[in-house]
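Please view the sequence and the model together.

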Amino acid sequence: MSQAKFSTETAGKVITCRAAIAWTSNAPLSIEEVEVDPPKAGEVRIKVISSGICGSDNHILDGTFKTPLPAILGHEGAGIVESIGEDVNSVKPGDKVLLIALPQCRKCDSCLHAKGNCCLKEDIFSPFGLMLDGTTRFTCKGRKVHNILGTSTFTEYTVMHEISVVKIDDDAPMENVCILACGFPTGYGAAVNAAQVTPGSTCVVFGLGGVGSAVVLGCKAAGASRIIGIDINERKFEKAKALGVTDCLNPQKFKKPIQQVIMEMTEFGADFTFEAIGTIDTMVAALESCNMSYGVCVIIGVAPAKSQLSFDPMKLLSGRTLKGSLIGEYKIRDDIPLLVDNYMKKKIDVDSMITHKLPFVKINKGFELLRSGKCIRCILLF
Ligand code: APR
Ligand code: ZN
Ligand code: ZN
């Protein structure tokens, strides 16, 4: 096992370390010894310190979100730069960084647009699971292993493109700050950036897991006066109320569709609705729960591969807005360091989303906690 430190002693060399490999879908991850190649030009090798387990990792494992396997999953990480390839300017060995699934190249059409954050260098929508040069830096038992979303955090060392690596404050608490790499900004930014929730408004959040909890925090920070939380797992309700949800509903407890229940509760529909589950039915319910004239519905959940969303277009003609958002519309390298600063100044409450911490080798237990609904966010420590 590697004992690498943040010095030149490992730079330029292959590092042998432990990683959790997803050989196939619908099977436990297996902790294996892997070889991690040195970073090439524009790349950074990072010692992972902590990583959250996100709903999207579970979608990959259960086969609903397709990325090439075998792979090292994980895309919500915090770590320390071990070495850098040529032409890397924004980070240096020893820097604390977040490992994010969405890059910001600062050169493409989307990055150059004031509102765009879906960098064209992404590997999310038709994932190859490889570096931009078409190769991988991971080998296990002589087999090449893919990365996911340009990240891969379920490993002691990973290699990423500089454009997906975000330098953060030297004093950032590395055990918890990984949540700011995916779950927190995805939910919080959906409320404050994508929907632009207004003071005194009514919001509905479908799904009270890690991402939905961050939506709740965003709605509350924006001054929403009523936040209705929807989940089929009533164990989520106590925590949701502590975060700011005013009414909790379990759709399975009603005879009528949940959108009808919400219409009746809010008289004319909610101002803002959010889908943080990832199923077609709940996306349609979220759309139909917002006000027909001025309601805004934001899709955050990742729907199963090849699924199609279908609804009566008259639902939009009346004035509703349907939109989606990725990592909360943040331009990651510009904006996430500021979120980290706000977290360190206790202006945003990230820690209350973290319900479990486990050593990295207990990763399968972490997935079990997510699937059984026993955790909001479980963090793996390396
Ligand atoms: N109706 C209501 N709630 C549901 C339903 C349903 N049909 N199905 C699942 N849920 C709830 C679960 O009980 C859980 O509390 O949705 C929540 C999902 O939360 P997590 O599993 O913690 O997933 P999370 O990490 O929050 O991700 C949610 O956002 O980024 C995407 O890919 C991610 O699609 C996923 C979504
Ligand atoms: Zn995620
Ligand atoms: Zn770009």
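## Basis

The model is predicted: local features need pLDDT of at least 70, side-chain atom pairs count only at pLDDT 80 or more, and totals for chains, interfaces and linings use all residues. Residues are numbered from 1 along each chain as its sequence is written, chains are lettered from A and ligands numbered from 1 in the order in which they are written, and side-chain values use heavy atoms, leaving out hydrogens and water.

## Zinc site

Four cysteine SG atoms, those of C105, C108, C111 and C119, coordinate the zinc ion (ligand 3) at 2.3 Å. Donors are N, O and S atoms within 2.8 Å of the metal (3.2 Å for Na, K and Ca); water is not among the atoms, so sites may look incomplete. The donor residues follow the spacing C-x2-C-x2-C-x7-C.

## Domains

An automatic or database assignment gives the domain bounds: domain 1 covers 3-176 + 350-381 and domain 2 covers 187-325. Their centres, taken over C-alpha atoms, are 29 Å apart.

Contact (heavy atoms within 4.5 Å) involves 14 residues of domain 1 and 17 residues of domain 2.
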